[in-house]
Amino acid sequence: MSNEARKPPAQIALKVRRMLGGKAGWNGVAVQFAFAAILGWIGYEIVSNARTNLENQHIAAGFGFLRNNAGFDVNQTLISYTGSDTFLRVFVVGLLNTLVVSVVGIVFATVIGFIVALCRLSPNWLLSRVGEIYVEVLRNLPVLFQILFWYLAVLAALPNPRQSISLLGITFLSNRGLVVPSPIGQSGLEPFLAMLALGVVASLALRFHARRALFQEGRMIRIWPYVLWLLFGLPLATVLVFGLPFTFELPQLRGFNFAGGSRIIPEFVALTVALSTYTAAFIAEIVRAGILSVHKGQMEAGSSLGLSRGATLRLIVVPQAMRVIVPPLTNQYLNLTKNSSLAVAIGYPDLVSVFAGTSLSQTGQAIEIIAMTMGIYLLISLLTSAVMSVYGWRVSRSLGA
Amino acid sequence: MKRVTLALTLALAAGLSAQAADAQTLKTVKDRGMLSCGVSQGLPGFSSPDDKGNWTGIDVDVCRAIAGAIFNDPTKVKYVPLSAKDRFTALQSGEIDVLSRNTTWTISRDTSLGANFTGVTYYDGQGFMVKKSLKVNSALELNSASVCVQTGTTTEQNLADYFKANNMKYEVIAFATNDETVKAYEAGRCDVFTTDQSGLYANRLKLANPNDHMVLPEIISKEPLGPMVRHGDDQWFDIVKWTLFAMITAEELGVTSKNVDEKAKLENPELKRVLGSDGNFGEQLGLTKDWVVRIVKTVGNYGEVFDRNVGAGSPLAINRGLNNLWNKGGLQYAPPIR
C-alpha cells in the first residue's frame with residue numbers, strides 16, 4: 001500500500017469564490033459584480049453628461065487644441081521652442097522643465113540628506129547640534145515660503161546685468177541668472193565622445209572582472225591606473241589626433257542682457273535649492289532612522305576588525321540600513337516631484353505653469369488639460385516608485401533577506 | 001491649488017448637473033439675494049479693495065449697477081477675486097454670475113469658452129513700462145530685454161507677436177498674479193513690465209518710486225475690456241449688456257446721479273422713455289420700470305464712473321481718449337432705448 005499523499009481535487013471554482021467573494025461565498029461574488037457595474041455606470045454617466053453639457057454650453061471639447069499654435073514664449077526650454085509651436089510641444093517643454101527640476105532636486109536632496117543624517121549621528125557635539133537645527137528648521141517651515149524666500153533672497157542679493165559679478169571674465173552672475181560659456185562642437189567632437197564612451201564601458205568591464213576575481217578567487221586587482229588611462233588618456237589622445245572636440249562661446253554683455261553662452265535662470269536655482277534643502281531635512285531623518293535600525297553590534301564588529309568608522313558605515317551599516325531607508329525615501333522623491341508644481345509662484349515655467357496655467361487659460365479647455373496634467377504626474381510618480389521598488393528589491397536580495 | 005479645485009468643480013458641475021445650461025440666472029440671483037461677481041485680485045481703477053475691504057473701480061461699478069438694477073441696493077454683491085488664469089473656469093462652473101474683470105474681448109474667448117462678452121467697458125491697448133534709468137524711449141529699443149508678464153492673458157501672446165514681427169529677441173518671465181509680476185519687475189528680475197496701458201498706470205502707483213518708471217508711447221494691441229456671462233441664458237445676457245448701455249445713454253442725455261430725479265420729472269419724450277415713466281422696457285428685461293434711475297442713482301452715468309475710478313477725479317488721471325462718447329471723438333456708443 002502506497003503512502004503517497006492523495007492529490008487534492010481541483011478547486012478552481014472554490015478559489016475564484018474565495019478570491020472574489022471572501023467569506024461571503026457566491027453571494028459575495030454577486031455583490032462585487034453589482035458594485036463594479038454601479039461604479040462603471042456612474043463613471044459613464046459623468047463622462048457622457050459632461051460631454052452633453054459642454055456641448056450645450058458651446059464650450060470647446062476634445063484634444064484637437066493640442067495641434068493649435070500656442071502663440072506665447074517660455075523662458076527655459078530644453079528642446080527648441082518658439083511661439084509658433086503647438087500646445088503639444090508646450091506640454092513637452094513644461095514636462096521636461098518639471099523633470100529637470102525634479103531630477104536635480106532629488107540628487108541634491110539625497111546628498112544633503114545623507115550628509116545631515118551623518119552629522120546628526122556624529123559623536124561630535126557641534127556637528128550633531130547643527131544637523132538637528134537644520135532638520136528642525138527646514139522641515140517645519142512651509143515649502144512655498146522657502147521657495148519665495150530663496151527667490152527673493154537670490155534676486156535681492158544679486159546686481160543687475162550691467163554690474164554683474166564676473167568670475168575670470170568668462171562667467172557672470174547677475175539677477176538674470178548665471179551665464180557660463182557654452183561648448184560648441186568642433187570636428188574632433190565625435191571621436192572624442194566615442195573614445196570616452198569606450199573608456200567608460202571598458203572601465204565598467206574591468207571593475208566587474210576585478211570583483212569576480214576578489215569574490216571567487218580572493219585576488220585583489222588594482223584597477224584604478226587602468227581606469228585613469230581609459231577615461232582620460234584615450235580621449236586626450238583623440239584630441240592630439242583630431243583636434244579640439246569643442247570650443248567655448250563666451251557670454252558678452254549686449255544691450256540689456258548677455259548674448260552667447262548658456263544661462264541658468266534664477267527661478268530654476270531658487271526652486272532647486274528650496275526643494276532640495278526642504279526634502280533633505282526629511283531624508284536626513286529617514287536615513288538616521290535607517291542607520292539606527294542596524295544593531296550597534298555591527299558597528300562594534302566593524303571596529304574590532306580594524307575598519308575605520310567611515311569604512312564601517314560605508315561597507316557594513318549603510319547597506320543594511322538601505323532596506324529600511326528605501327521605501328520612505330521613495331515617498332520623499334515623489335513629494336519633491338509633486339512639490340515642484342509650486343514653481344508657478346516664482347515664474348519658473350514648469351508643467352503646471354505653462355500647460356495647466358497659460359495653455360489652460362488660452363484655450364479654456366480645463367477638463368482636458370487638468371486631466372492630462374494629473375495623468376502625467378501619476379505616470380511620473382508610478383515610474384519613480386517602480387524604479388525604487390526594483391532598487392529596494394535588489395538591496396534586500398543582496399543581503400539575503 | 002485654487003485652479004485645480006475650480007477645474008474639478010467644473011468637471012463635477014458639468015458631469016453631475018443635467019440641466020446646467022438653461023439655469024435662470026436672474027431667478028437664482030434673486031433667490032440668493034446676492035449677485036456673485038468675478039473681479040481682479042487688485043487692479044486700482046478697475047477692481048481693488050480699500051483698507052476696509054470695500055471694492056471700488058470701473059469693473060466693480062458694473063457689478064454694483066447690476067445689483068442696483070435688480071435689488072435697488074448696490075451692497076448686495078459678493079466679490080470673488082480671480083487670477084487671470086482662473087477667471088473663465090469660475091464663470092463656466094457657475095461660481096460667479098458675471099465676470100467683470102478687465103478681460104479682453106477676443107474671438108477665441110467669445111466662441112470657445114461657452115461665454116459671451118456683453119459690451120466694452122473700457123477700450124484699452126497693451127503698452128510697456130521701463131525704468132527711466134535705462135534711457136529707453138521706444139519699445140523698438142527693447143531688443144534682448146527681459147520682460148515680466150502675467151500668465152494667462154492676451155498680453156503674453158501680443159508680446160510674442162510684437163517681438164517676432166520686429167525681429168527682436170527677448171526673455172519672458174510669466175507669473176501667476178499681477179502682484180507677483182510687479183514685485184519681480186521691481187526687484188530687477190526684468191527690464192520691462194507689460195500689460196494693458198491702464199494697468200501700467202495703475203500698477204505704477206504701487207511701486208515704491210512711481211516717478212522712476214515711465215510708460216513707453218507704443219500701444220501694440222487692441223484690448224477692448226468688458227464683462228462676460230455664460231451661454232444659455234439670454235435674459236441674463238440682456239440685463240448685463242443693457243446695464244452698461246443704460247450708463248452710456250445716461251451720459252449722452254446728461255443724466256447724472258445728482259440730477260436724475262429732476263430729469264425724471266421733465267416732459268421730454270426720450271427722458272420719459274429712458275427713465276421709465278413711459279413704456280415698459282425694464283419689465284421686458286425682467287427688471288422694474290425705473291431700472292435706469294436705479295442704475296444712475298447707484299453708480300452714476302458712464303462719465304461719472306470713468307472720472308471717479310480712472311479719470312480726472314482719480315489718482316490714475318487717465319484721459320477719456322477712446323472711451324469718450326461717440327459724439328465727442330470716442331468709441332462709447334449705446335443703441336437707443338426705445
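Me: A residue is buried if 20 or more other C-beta atoms, placed from the backbone, lie within 10 Å of its own, exposed if 12 or fewer, and partly exposed in between. Which residues of helix 13 of chain B are buried?

Reply: They are B:Trp291, B:Val292, B:Val293, B:Arg294, B:Ile295, B:Val296, B:Thr298 and B:Val299. Please note that this is a predicted model, in which local features need pLDDT of at least 70 and side-chain atom pairs pLDDT 80 or more, whereas totals for chains, interfaces and linings use all residues. Residues are numbered from 1 along each chain, and chains are lettered from A and ligands numbered from 1, as written.

Me: Why is helix 13 of chain B described as largely enclosed?

Reply: This helix (a DSSP run of H or I, at least four residues; strands are E, at least two, and both are numbered from the N terminus) covers residues 291-299. Of its 9 residues, 8 are buried, so the rest of the structure largely encloses helix 13 of chain B.

Me: What covers those buried residues?

Reply: The cover in chain B includes helix 3 (58-71), helix 9 (234-252) and helix 10 (260-265). It also includes helix 11 (269-274), helix 12 (281-285) and helix 14 (302-309) of chain B.

Me: And which residue follows helix 13 of chain B?

Reply: B:Gly300 follows it, and the phi of B:Gly300 is positive, near 90°.

Me: New topic. How is chain B divided into domains?

Reply: Domain 1 of chain B takes in 24-123 + 226-318, and domain 2 takes in 125-222. These bounds come from an automatic or database domain assignment. The centres of domain 1 and domain 2 of chain B, taken over C-alpha atoms, are separated by 30 Å. Where the two meet, domain 1 of chain B contributes 16 residues and domain 2 of chain B contributes 15 residues to the contact (C-beta atoms, placed from the backbone, within 7 Å).

Me: What about sheets in chain B? In which order do the strands of the open sheet with 5 strands run?

Reply: The order is 10-9-11-8-12, and the pairing is mixed. Two strands pair if DSSP finds at least two bridges between them.

Me: Which strands stand at the edges of that sheet?

Reply: Strand 10 (170-175) and strand 12 (213-215) of chain B do. Each has a single partner strand, so one side of each lacks a neighbour in the sheet.

Me: Do strand 9 and strand 11 of chain B run parallel or antiparallel?

Reply: Strand 9 (residues 145-150) and strand 11 (residues 192-196) of chain B run parallel, joined by 2 bridges. In this part of the sheet, B:Val147 stands opposite B:Val192 of strand 11 of chain B.

Me: Now chain A. How many strands form its open sheet with the order 1-2-3-8?

Reply: That sheet of chain A has 4 strands, with antiparallel pairing. Its edge strands are strand 1 (165-167) and strand 8 (262-264) of chain A, each of which pairs on one side only. Strand 2 (residues 171-174) and strand 3 (residues 177-180) of chain A pair over 3 bridges in the antiparallel sense. A:Leu173 stands opposite A:Leu178, a residue in strand 3 of chain A.

Me: Last one: how many residues does each chain bring to the contact between chain A and chain B?

Reply: Chain A brings 40 residues and chain B brings 44 residues. On the side of chain A that touches chain B, at least two residues each come from helix 2 (26-56), helix 5 (143-157), strand 7 (257-259), helix 11 (351-363) and helix 12 (366-398) of chain A.
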